[in-house]
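Have the picture open and follow along.

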Amino acid sequence: MSKTLSALLFDVDGTLADTERDGHRVAFNMAFAEAGLDWDWSAELYGELLAVTGGKERMRFYLDRYRPDFERPDDLDGFIAGLHQAKTRHFTDLLAAGRIPLRPGVDRLLREARGRGLRLAIATTTTPANVQALLRHALAPDGEDWFEVIAAGDVVPAKKPAPDIYCYALERMGLGPGDCLAFEDSENGVRSARDAGLKTIVTVNDYTRGQDFDGAALVLDEMGEPDAPFQVLGGEGGAEAAGATCLDVDLAIRLHADCRDAAETA
Ligand code: XBP
Ligand code: MG
């Protein structure tokens with residue numbers, strides 16, 4: 001395994017920002033209403049639907065599971081794609097209106113990582129336009145340029161929990177998984193990163209708190225800020241985090257080194 005931590009790979013939804021309940025869910029419901037459908041995804045139902053990653057895949061799952069009687073149009077794929085386009089428009093409008101901020105500590109960690117020469121990438125299931133809008137409106141006008149690779153959406157056929165999107169990002173960067181750390185918020189995300197060979201730091205949210213993060217290097221409530229410390233909820237690198245108040249580059253380097261030692265001992 002590489003001795004140096006070269007890059008940080010970030011999930012988007014739930015990790016960079018709490019986008020699901022008050023962002024994606026709201027945008028889906030706006031698209032449904034606009035299309036004259038009586039579908040309305042409550043915050044609770046949405047928690048169940050999140051088991052399926054990808055908005056188009058999620059709508060199809062909803063139809064199969066909750067709307068078996070819905071009279072399906074001949075071109076179901078086209079119908080779902082149309083709804084999804086409208087949903088993306090509504091979601092990016094919410095972002096442009098500044099409705100969805102970054103999670104605590106994300107801005108700080110990204111700035112520090114950039115300043116210290118770490119390479120940055122995105123590996124996400126969501127649509128590229130959503131990533132672009134979030135980075136532009138919640139991070140910085142040139143936020144997209146901070147990331148060497150933005151791997152998103154349908155660029156790979158199999159979405160998380162398949163490892164494909166991480167493998168794609170690593171290949172584009174010419175790096176191996178041992179050179180990097182991944183940042184995730186969900187079990188599906190951790191499985192994806194783990195199966196790509198990556199060590200992963202998890203920040204949970206209300207939808208993912210009770211999930212299984214087996215093998216994660218560290219599980220936190222938030223990345224934390226110097227005046228608003230994180231809480232360590234689990235993970236194999238808890239000892240490395242002792243005494244730390246927030247997730248910074250030094251802690252990331254310690255966690256990466258710890259993983260390396262474990263791999264060398266094994
Ligand atoms: C995110 C997703 C996405 C978003 C919606 O998962 O599953 O589908 O919920 O975005 P992850 P789209 O954080 O694991 O990448 O509607 O653009 O798919
Ligand atoms: Mg996520």
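## A charge over two rings

Let's start with a lysine: the charged end of Lys87 sits over the ring of Phe91, 5.3 Å from the ring's centre. Lys87 also has its charged end over the ring of Phe28, this time 4.7 Å from the centre. Keep in mind that what you're looking at is a predicted model.

If you search the whole structure, 13 aromatic pairs turn up. Take Phe28 and Tyr46: their ring centres are 6.2 Å apart and their planes make an angle of 50°, so this pair is called tilted. Phe28 belongs to helix H1 (residues 20–34) and Tyr46 to helix H2 (residues 43–49), so the pair ties together parts that are 18 residues apart in sequence.

Are these two residues buried or exposed? Phe28 has a relative accessible area of 1%, which is under the 20% cut-off, so Phe28 is buried. Tyr46 is buried too, at 0% relative accessibility. Both also belong to one aromatic cluster, whose members include Trp39, Trp41, Tyr62 and Tyr207.

## The sheet

Now for the strands. Seven of them, 7 strands in an open sheet, run in the order S3-S2-S1-S4-S5-S6-S7, and the pairing is mixed. Strand S3 (149–152) and strand S7 (232–234) are at the edges with a single partner strand each, so one side of each has no neighbour in the sheet. On average, neighbouring strands here are turned by 25° against each other, if you ignore direction.

Zoom in on strand S4 (residues 180–184) and strand S5 (residues 199–203): they pair in the parallel sense over 4 bridges. Along this pair, Ala182 stands opposite Thr200 in S5. Helix H8 (residues 187–195) packs on the sheet and touches S4 and S5, with its direction at about 165° to that of S5.

## The magnesium ion

Last stop: the metal. Which residues are the protein donors of the magnesium ion (ligand 2)? They are Asp11 (OD), Asp13 (O) and Asp185 (OD), lying 2.1 to 2.2 Å from the ion. Written as a spacing along the sequence, the donor residues read D-x1-D-x171-D.

Terms used: Residues numbered from 1 in each chain as written. Chains lettered and ligands numbered in written order. Predicted model: local features only at pLDDT ≥ 70, side-chain atom pairs only at ≥ 80, totals over all residues. Heavy atoms only, no water. Donors = N, O, S within 2.8 Å, 3.2 Å for Na, K, Ca; no water. Pairing = 2+ DSSP bridges. Helix = DSSP H or I, 4+ residues; strand = E, 2+ residues; numbered from the N terminus. Axes fitted to C-alpha atoms, helices over the stretch in contact; angles between N-to-C directions. Contact = heavy atoms within 4.5 Å. Phe/Tyr/Trp six-rings, centres within 6.5 Å; stacked < 30°, edge-to-face > 60°. Buried < 20%, exposed > 50% of the residue type's maximum accessible area, 1.4 Å probe, protein only. Lys NZ or Arg CZ within 6 Å of the ring centre and 35° of its normal.
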